[in-house]
Amino acid sequence: MPLPTIDEKALISFLSDLLNTPSPTGLADPAITLTEKAFTSIGGVETQRTHKGALLVSLPGQKSDAPRALTAHVDTLGTMVKEIKGSGRLTLTQIGGYAWNAVENEGCTVMTRKGDKIRGSILLTKASTHVYGADVAKTERSEDTMEVRLDAVVKTAEDVRKLGIEVGDFVALDPRVEVVNGFVRSRHLDDKACVACILAAVKALAAAGLKPAQTTHIFISNYEEVGHGAAAGIPAEVHELVAVDMAAVGAGQNSDEFHATICVKDSGGPYHHGLSSRLRDLAEANGIDYKVDIYPHYGSDGEAWWGAGANAAVALIGPGVDASHSYERTHLDALLATTHWVMAYLIS
């Protein structure tokens, strides 16, 4: 039986909305809320929030003797205010793992505890070539040499505090979403692209009147980028988990922007061989062209769950994403392949 048709426009529309919803780790609730509304609009699903703030979506299956789970995360890289300088500029601390040069000259939004949003830019402290000459190129990019220039008239730390900004406030990076020639270019495709794929798969199955073969829980994580997102919250009765997260594209990797990939090993070691093999069989049976890869500098929520003591099989699939943890890009082909793969798994 052919897999149901995917609503490509709806997939891209939701993905764009999700990408444009700031959700740095620790302040991901707006993205969780957007995702919850999208799932509940389908009908026939149950949703709940964990005490930690993650979203659990439950889909009734034809059977429930071997429940399954999928996971993807809406939290993203970001920063927090570490210090308010006497100059009125801000020192930052990173959320997640990335190079400082990857966010240099990026627009950003400081989100105060009371909900105000103040715009700014992340710059090198010695940013002007006309002033600092060769030092601009030679200066190492680090927490000590990067700062936020606020788009507000602030000349002292007190001026900044009058805006409501304090140490510990979150700072979100501009995603800069653009869809062109089948490509989606944006920050934070890791892992909002995969959340959109799972949603599109569930919607396509529902529209076709199909139920998952087994009761399936979808865990939308909110702390993945700092390593413990799925450590708690996935029901204990789950027999197997498929983590859906981006595939890293670059030199020495087999992944590309046009395919879905199955990761068989990353920094935490091999994934479950039996489940990975079954997923590969499903892809081949459904005409889904895929890649196989290994990521030495990568971890997933599947590993977080395993590390917390989960007694279940875990595998990892996802669309190829270029320039991960920088200004990322993928292609609709990879998103559709991932969505088809998720559908094939759900009904198998």
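Student: Where is H325 found?
Tutor: H325 sits in the loop that runs between β18 (313-322) and β19 (328-331). Do keep in mind that this is a predicted model.

Student: What makes the phi of H325 worth a remark?
Tutor: Phi of H325 is positive, about 60°, although H325 is not a glycine. N105 is another case: its phi is near 70°, again a positive value in a residue other than glycine. N105 belongs to the loop between β5 (90-95) and β6 (107-111).

Student: Why is N105 called exposed?
Tutor: The label needs a relative accessible area over 50%. N105 has 54%, so N105 counts as exposed.

Student: And V154, is that residue buried or exposed?
Tutor: Buried means under 20% relative accessible area. V154 has 14%, and therefore V154 is buried. You will find V154 in the loop between β8 (146-150) and α5 (157-162).

Student: Which residues does V154 touch, leaving out those up to four places away in sequence?
Tutor: V154 touches S87, G88, D159, V160 and L163. As for T125, 29 residues from V154 along the chain, the C-alpha atoms of the two are separated by 16 Å.

Student: Let's go to the helices. At what angle do α6 and α9 pack?
Tutor: Helix α6 (residues 189-207) and helix α9 (residues 332-347) pack at about 50°, and their axes are 8 Å apart.

Student: Which residues make the contact?
Tutor: From α6 come A193, C197, A200, A201, V202, A204 and L205. From α9 come L335, T338, T339, V342, M343, L346 and I347.

Student: How do the residues of that contact divide into nonpolar, polar and charged?
Tutor: The contact of α6 with α9 has 12 nonpolar residues, 2 polar and no charged.

Student: One last thing: what kind of peptide bond joins D190 and D191?
Tutor: A cis peptide bond, with omega about 10°. D191 has its place in helix α6.

Notes. Residues numbered from 1 in each chain as written. Predicted model: local features only at pLDDT ≥ 70, side-chain atom pairs only at ≥ 80, totals over all residues. Heavy atoms only, no water. Axes fitted to C-alpha atoms, helices over the stretch in contact; angles between N-to-C directions. Helix = DSSP H or I, 4+ residues; strand = E, 2+ residues; numbered from the N terminus. Contact = heavy atoms within 4.5 Å. Nonpolar A, V, L, I, M, F, W, Y, C, P; charged D, E, K, R; others polar. Buried < 20%, exposed > 50% of the residue type's maximum accessible area, 1.4 Å probe, protein only.
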